[in-house]
Amino acid sequence: MSMTISEPKVTKELIERHGITPEEYDYICKILGREPNFTELGIFSVMWSEHCSYKNSKPVLKKLTKTTIAACPNSLLLVKPGDENAGVIDIGDGLAICFKIESHNHPSAIEPFQGAATGVGGIIRDIFTMGARPILCMDSLRFGKLDEKINKHLLRGVVAGIAHYGNCIGLPTVGGEIYFDESYEGNCLVNALCLGLMKKEDMIKGSAKGAGNPVYYVGATTGRDGLGGAAFASRELTEESKEDRPAVQVGDPFLEKLLLEACLELKKTGAIVGMQDMGAAGLTCSTCETASRGSTGIEIDLVKVPKRETGMVPYEIMLSESQERMLVIVEKGKEKIVEAIFEKWDLHAVKIGEVRDGHLMKVYENGRLVAEIPARALAEDGLIYNRESTVPGYLKEMQQLDLNSIAEPADFNQVLLKLLDDPSIASKAWIYEQYDHMVRTDTVFLPGHDAALVRVKGTKKGIALATDCNGLYCYLDPYEGGKIAVAESARNVVCSGAKPIAITNCLNFGNPMKPDIFWQFQKCVEGMTDACCVFQTPVTGGNVSFYNESPKGAIYPTPTIGMLGLMENIESRIPSFFQKAGDTIYLLGETLNEIGASQYLLNVHGLKQGLPPRLDLKKEKALHEMILSGAQEKTFVSCHDLSDGGLAVAVAECLFGKIGHPLGARIDFEFGENLRRDALLFGETQSRVLVSVETKNEKFLEALATEHGVPFYKLGKVTENRLKIDSFIDIDSTQLEQVYRQAIPRRMS
Amino acid sequence: MKAAVIVFPGSNCDTDCWHVIRDVMNVNVDFVWHKETDLKGVDLVVLPGGFSYGDYLRCGAIARFSPIMKEVIKHADAGRYVIGICNGFQVLLEAGLLPGALLRNRTLRFMCKPVYLRVENSTTIFTNHLKQNQVIEVPIAHGEGNYFCDERTLETLEGNKKIIFRYCSENGTISDEFNPNGSLSHIAGIINQKGNVLGMMPHPERMSESILGGTDGKKIWESIVSYVK
């Protein structure tokens, strides 16, 4: 007996429940020349969600990518941002890098382990879809304060989820960054980055071409998990969101490992015309996007789709976000090659349809037409909105800071210990030791350095990578904050000895329908744009995550930057830590009376107030050029940037290169008489780094700094085991290390 | 000398071992897919780390049924050499080539970090380039590396000097504090009765080039290569 499930009628309520506005619905009817059926409504709703269509962010993003690319005529982008699944950049020697960062915030807030795991799985697929072999992962995380039970639970789950997926698939998670702040309470951020390497000519595009070419479905089966995840990601989190748990997918890294190897093996055969992973909006997105890019039509029959559940209706099959699935367009006549490779890896490879002439995406179920929509209309033609934007009401008051009202602490030792005990500053070993960060035997700088550094076997090259964003800066001054996010990630890469060459970004914000949130978004992006133009680091792509709000309000604007750096010769790398007693310590860059928005002000005075430090892009660029020039000559023994916690924290961090064997430092200030002592020790003035050099190289360093117009200050010497900073700080290094290393473990135990 | 690195579905340290054997040791080495049934007369078989079969059921429990494992057992029975690293060690235990089992780390967390090992027996074919009681630094990366066996097995291992590596401090002190995963008797690696099959949790292939932070692991490869040659 056959059973037909009657589909719901498309009513006003149903349209509204799908998040489609009356205006959008009218447009859908115009495109189709009729009203959509239930399946089509579902298809439009996911493709036109913010997550897939960028309907609220597109105008701002277009300007960002266009401006930065135009300003970087020498950059070697191989695909235009947004055209493919991830950005690709030429690094010479016939090699190209493909990298991208993407958010999985909402799923992780609801189900931290699977939410984070599938975030990693998704970004890895984006990379091998392009034909690149993924070689590393990084993660940028934000949680509420670590003293709260719920945040411990989230951290534990997210870290275990990332570890579960990355470790099993055999990709080193080589670094990242993390902040803990009330603003992320109830809406944690999980941004996952993956980077892959390929021969330039091996790039695969995500487009369907050639009428008659078969369309293959490969990988895992389709179930009801993750139904409508893209739409779920485009809403605010509420108390009821926990009931959306079915919208969170479940990952299987073992299956993805097989899929990865099978796809890369298939690539070598030349049988692939195009490939796209089934991520957000699953089968829907992969079919209409490949057809749209190839300016062609596509036809699939859902009866052929391998399923893990019975009774799934077309709506569910099209919207499922089951993981570890790919759509592969194969050259006609090469079907046997594809099937043999996937059989070797014990994976499904099923022909579910064909590329067609024309422009329609036609979906059948056992021969019965269930959806018929112009592919381009779905992928490209969604309505784009220019949202209203106003200066937030909080801004003026929050930016005020009367320095005279801030009393300088009596005991600077206690301040330093307090800052080193802040989980946002402290050692992250509790986290990165759960990640296999060494597999593939390319990790040259272990986590804890300013930037991650991997070698490229068979060449002299090194690839450096850093992620960064200070959300508090962005909250108190979105333009300056956006600029600093780019500048600091570039500085991190430069400190390792690599030249910044491109960025990817993950823009995490609140609800864009709120004018003050949209203003934050615009301003952050403006700041990023200006910085990218000066550093010659074009935007290669990325991801926007809006609606990061909990009942307590929006998160801090958090435009996470993933900065890619290239080292032509890995022998010019510079570690972040002091290496031996007797070396001379220099501070490069000028220090100002800046304590606004600092970790010091927050930790010691309980204030999230004031203007973040001002960043001069020209000074920053001069500093980068000086360090890179010095790196060629092997001038520096170590180089570490100053950020959260300022100079005193940076000096302390430089001592902790070898676990259990901290070095010391003896510093005497011969400058800064006109500065507040707290600003001198803990202020976060930008464009500063701390270097150590051998005594014999002092003159050379000073000449180099002068040549580049970089102010330099000789601070003192690396010593055996005690940190002495003028008359202000005097602490045993072992005690410092203890506090620094125990801050997170003691809270998690 | 000729070596083979076995590739199970889910192996992920296969290319790392292959790279060290080929590029660092200059030894002839091939990958052998787990569905194959011929080892082609190699001297050394490497069972690499990773998550064979996704570690489903139990680490190494499914991999031992792969077709190639029959050949690996024959190879070991014939007195030829086998080294199992991390997941490879787990496969050797499941296949019965070594005694005991590996439980979850006592922290219940995956752990990746450099650790110190004390060489407990430097007379084996895998350790002859190391000194007795020498302390070496080699990283671990596992969630289930907590070695366990019954009392009698432990006595046999100890009595016959079949415990090859123990976790220790930088100075060679053996104590709970320096045992990262809770292993019985601080065991990090053991060898079979005949002395031709070594299993160890730490990854010597990750510490075989100075650019990666040290070359202590290389000593293990040098030991076996010089012995076979």
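**Entry 1: the interface of chains A and B**

I first looked up polar contacts across the interface of chain A and chain B and found 11 residue pairs, both residues at pLDDT 80 or more; a polar contact is a pair of N or O atoms within 3.5 Å, one able to donate a hydrogen and the other to accept it, and residues adjacent in sequence count only if both atoms are side-chain atoms. The model is predicted, with local features needing pLDDT of at least 70 and side-chain atom pairs pLDDT 80 or more, while totals for chains, interfaces and linings use all residues. Residues are numbered from 1 along each chain as written, chains are lettered from A in the order written, and side-chain values use heavy atoms without hydrogens or water.

Helices (H or I, at least four residues) and strands (E, at least two) are DSSP runs, numbered from the N terminus.

I found 31 residues of chain A in contact with 28 of chain B (heavy atoms within 4.5 Å). The buried area is about 2500 Å², with 60% from carbon and sulfur atoms; this is accessible area (1.4 Å probe) lost on being put together, summed over both parts. In chain A, Phe254(A), Met438(A) and Thr441(A) lose the most area to chain B, together 22% of what that side buries.

**Entry 2: salt bridges**

I counted four salt bridges between chains A and B (Lys or Arg side-chain nitrogen within 4 Å of an Asp or Glu carboxyl oxygen). One joins Arg206(B) to Asp436(A), with the closest N and O atoms 2.9 Å apart. Within chain A, Arg224(A) and Glu309(A) form one at 3.1 Å, N to O. Arg224(A) lies in the loop between β6 and α9 and Glu309(A) in the loop between β8 and α12, so the pair ties together parts 85 residues apart in sequence.

Conventions. Buried area is the accessible area (1.4 Å probe) that two parts lose on being put together, summed over both.
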